[in-house]
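Please keep the sequence and the 3D view open while reading.

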Amino acid sequence: MNEDQLVILRVDSSMRQVGSVSRHLADAAMANLHAGLPGAEIVLRDLKAGVGHVNSAWREASLEAAGSRSSEDRAILAQSDALRAEVERAHIIVFAVPIYNFSIPAALKAWVDMVCRNNVDGATALSMPKPTYPKQAVVVLTSNHTKAGASDEFATKFLRHILTFLGCSDINIVDATGLAVDKNGILAAAHEKIQSICQNVASQNISAAAE
Ligand SMILES: Cc1cc2nc3c(=O)[nH]c(=O)nc-3n(C[C@H](O)[C@H](O)[C@H](O)COP(=O)(O)O)c2cc1C
């Protein structure tokens with residue numbers, strides 16, 4: 001692999017565009033990664049318009065063997081196929097995640113359901129599939145009051161589990177939670193953390209590209 005083949009996928013899940021703190025921090029993460037890996041391809045996936053939800057027809061289509069799917073099955077799975085392909089191609093994934101009601105936004109959960117097709121009906125829940133190659137994830141997590149790791153915070157544990165499931169062996173969480181308490185201080189610390197994490201992620205990929 002050379003650096004030009006590297007793919008960085010960015011997934012935004014805030015429903016806000018203007019004034020979005022998670023997007024602002026993800027911009028910084030992308031800028032840092034681009035500075036370290038200027039040849040990498042960037043793929044943007046914005047979930048603010050929502051994602052389709054799984055339903056009975058989707059489940060039936062996904063359980064059908066790929067070669068036996070009807071054209072209707074294939075149409076039903078088209079969005080899931082496209083989202084999965086983005087994840088499969090990515091070497092680095094940046095997630096911008098605001099906490100909504102103590103957990104992740106519904107659009108991000110819908111994305112997870114679309115992408116984790118291997119686990120339909122819990123098929124692989126007990127034995128995690130081995131990733132074909134390890135991915136790295138940078139998760140920017142924002143909230144007003146709910147603190148990452150607190151007993152009422154249900155985003156980080158889920159994200160760590162599902163990102164491992166998706167093949168991420170290196171998961172870096174930038175904690176920008178509790179913004180209502182000290183927005184400037186938390187943002188300054190988050191920017192510092194983003195810089196050091198992204199430099200590290202970029203240098204690991206430069207070494208991998210050189211191998
Ligand atoms: C629907 C909704 C639910 C939210 N729930 C919480 C919450 O449970 N705890 C919290 O501290 N903040 C909550 N917030 C505030 C957001 O987490 C916070 O404003 C975050 O920084 C938003 O990210 P953004 O600026 O990228 O949109 C909620 C916001 C929305 C819109």
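The points below cover the sheet, its strands, the core, the ligand shell and some loop residues. The model is predicted. Its open sheet has 5 strands in the order β2-β1-β3-β4-β5, paired in parallel. The largest nonpolar core holds 49 residues, and 17 residues surround the ligand.

**Sheet layout**

- The 5 strands of the open sheet run in the order β2-β1-β3-β4-β5 with parallel pairing.
- β2 (41-46) and β5 (168-176) are the edge strands; each has a single partner strand, so one side of each lacks a neighbour in the sheet.
- On average, neighbouring strands of this sheet are turned by 15° against each other, direction ignored.
- Helix α6 (residues 156-165) packs on the sheet and touches β4 and β5. The direction of α6 makes about 155° with that of β5.

- β1 and β2 are parallel and share 6 bridges. In this pair, R10 stands opposite L44 of β2.
- β1 also pairs with β3, in the parallel sense, over 5 bridges. Here L9 has I93 of β3 as its bridge partner.
- β3 and β4 pair in the parallel sense over 7 bridges. I93 has A137 of β4 as its bridge partner.
- β4 (residues 135-142) and β5 are joined by 8 bridges, again in the parallel sense. A137 stands opposite I171 in β5.
- Read across the sheet, L9 is bridged to I93, I93 to A137, and A137 stands opposite I171.

**Burial of the strands**

- In β1 (residues 7-12), 5 of the 6 residues are buried, and the strand is mostly covered.
- In β3, 7 of the 7 residues are buried.
- Both faces of β3 are covered.

**Nonpolar core**

- Within the largest nonpolar core, of 49 residues, the most contacts belong to L25, A29, V138, V139, V140 and V174.
- V139 is in contact with F95, V97, L159, I171, N172, I173 and V174, leaving aside neighbours within four places in sequence.

**Ligand shell**

- Of the 17 residues around the ligand, S14, S20, S22, P98 and S143 come nearest.
- The shell is made up of 6 nonpolar, 9 polar and 2 charged residues.
- Helix α1 (residues 21-36) gives the largest share of the shell, 3 residues.

**Loop residues**

- N101 lies in the loop between β3 (92-98) and α5 (106-115). The phi of N101 is positive, about 50°, although N101 is not a glycine.
- N101 counts as exposed because it has 10 C-beta neighbours inside 10 Å, and the limit for exposed is 12 or fewer.
- F102 is in the loop between β3 and α5. F102 also has a positive phi, near 70°, in a residue other than glycine.
- F102 has 14 other C-beta atoms within 10 Å, so it is partly exposed.
- S70 sits in the loop between α2 (56-63) and α3 (71-76). S70 counts as exposed because it has 10 C-beta neighbours inside 10 Å.
- From C-alpha to C-alpha, S70 and V174 are 43 Å apart in space, and they are 104 residues apart in sequence.

Technical notes. Residues are numbered from 1 along each chain as its sequence is written. This is a predicted model: local features need pLDDT of at least 70, side-chain atom pairs count only at pLDDT 80 or more; totals for chains, interfaces and linings use all residues. A nonpolar core is a set of buried Ala, Val, Leu, Ile, Met, Phe, Trp, Tyr and Cys residues joined through C-beta atoms within 7 Å. A residue is buried if 20 or more other C-beta atoms lie within 10 Å of its own, exposed if 12 or fewer, and partly exposed in between; C-beta atoms are placed from the backbone. Two residues are in contact if their C-beta atoms, placed from the backbone, lie within 7 Å. A residue is near a molecule or strand if its C-beta atom, placed from the backbone, lies within 6 Å of it. Helices (H or I, at least four residues) and strands (E, at least two) are DSSP runs, numbered from the N terminus. Ala, Val, Leu, Ile, Met, Phe, Trp, Tyr, Cys and Pro count as nonpolar, Asp, Glu, Lys and Arg as charged, and the others, Gly among them, as polar. Two strands pair if DSSP finds at least two bridges between them. Axes are lines fitted to C-alpha atoms, for helices over the stretch in contact, and angles run from 0 to 180 degrees between N-to-C directions.
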